[in-house]
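Here is a short briefing on one protein model. Look through the sequence and the structure first, then read the points below.

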Amino acid sequence: MKRITVSIVSAACVAAAALTTAVAPSQAATARAEGTTAEAAATVTWSARWGLKGDIPVANDYGGDKYADLAVFRPSDGYWYIRGVGNYRWGVKGDVPAPRDYTNDGRVDIAVYRPSNGYWYIRGVGSYKWGLPGDIPVPKDYNGDGYADIAVYRPSNGYWYIRGIGNYPWGLSKDIPVPRDYNSDRRVDIAVFRPSNGGWYIRGVGNYTWGLSGDIPVASDYTVMGRADLAVFRPSNGYWYVRGGSTVQWGVAGDEPQPGNFGGDGRADRVVWRPSTGVWWVHVG
Ligand SMILES: [Ca+2]
Ligand SMILES: [Ca+2]
Ligand SMILES: [Ca+2]
Ligand SMILES: [Ca+2]
């Protein structure tokens, strides 16, 4: 993780290409293409600088090609910089990015939640009043219709307010909301991670212990089972612990984990964005 390199490793063939110069977008794209044609067990790692200190990482598939796109929201100028897709002015300083596919077209839509007035501004869709200062936006598809639902988690009372669906008490003030589909029914489940005891409380699914205080929850589908795996990134040692999956060291303290589908295969990949340098470190496999 110290050098900027691209390496491709698989069980059947070992082919490594190290790029000692800065990774250009075209080179990263090449590595990605090679990775997808290699063995299933292939691991591809690459890195690219995209973003500046102070930015908020918002990697998602904005273009709709199934690959997550490197992206940052820059509070200082209100722009979204999405690599390979474009730059868009949307939001102001203090806004919380809330990108999701609100239109069910396979493309994640640019959106922000504004804590100061409780409004959601969804680019190309509209604006909606839903929330109060202090709320945490948790847009996900809770009813499985393909459209992300506007929703907030309110730490002050532990309630989830899901627009058009309902209100649910689930959580405590210091919990971190981690809504995902944990049981493969295509509906996102209300869930919280409790840092104080490493507990995961998943509504309608169960309670589990996975992680320690100080861990950052990074639940996603790393094992391609069609549901999110419990997972944490531990800043103190840079390890990703995936329940039922492999343990991988990827990242350092201060990195912001951004798991996503960077390999285009439906598998979540371990990815971190380093605010100090603006470099994304991508571990596909
Ligand atoms: Ca994409
Ligand atoms: Ca969309
Ligand atoms: Ca929905
Ligand atoms: Ca579910």
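Residues 24 or more positions apart make up 29% of the protein's contacts with a separation of 6 or more. Two residues are in contact if their C-beta atoms, placed from the backbone, lie within 7 Å. The model is predicted: local features need pLDDT of at least 70, side-chain atom pairs count only at pLDDT 80 or more, and totals for chains, interfaces and linings use all residues. Residues are numbered from 1 along each chain as its sequence is written, while chains are lettered from A and ligands numbered from 1 in the order in which they are written.

**Overall make-up**
- The protein has one helix and 26 strands. Helices (H or I, at least four residues) and strands (E, at least two) are DSSP runs, numbered from the N terminus.
- Of its 285 residues, 40% count as buried. A residue is buried if 20 or more other C-beta atoms lie within 10 Å of its own, exposed if 12 or fewer, and partly exposed in between; the C-beta atoms are placed from the backbone.

**The sheet from β4 to β7**
- Four strands form an open sheet in the order β4-β5-β6-β7, with antiparallel pairing. Two strands pair if DSSP finds at least two bridges between them.
- The edge strands are β4 (56–57) and β7 (86–89), and each pairs on one side only.
- Two bridges link β4 to β5 (residues 71–74) in the antiparallel sense. Here I56 has F73 as its bridge partner.
- Four bridges link β6 (residues 79–82) to β7, again antiparallel. W80 has Y88 in β7 as its bridge partner.
- β6 and β7 form a hairpin with three residues between them. In the turn, G84 has a positive phi of about 80 degrees.

**The sheet from β12 to β15**
- Another open sheet has four strands in the order β12-β13-β14-β15, with antiparallel pairing.
- Its edge strands are β12 (136–137) and β15 (166–169), each pairing on one side only.
- β13 (residues 151–154) and β14 (residues 159–162) run antiparallel and are joined by four bridges. R154 stands opposite Y159 in β14.

**The nonpolar core**
- Nonpolar side chains tend to be buried together in soluble globular proteins.
- A nonpolar core is a set of buried Ala, Val, Leu, Ile, Met, Phe, Trp, Tyr and Cys residues joined through C-beta atoms within 7 Å.
- The largest one holds 65 residues, and A71, A231 and W280 touch the most other members. Strand β26 (residues 279–284) gives the largest share, five residues.
- Leaving out residues up to four places away in sequence, A231 touches V218, A219, S220, Y222, W240, Y241, V242 and R243.
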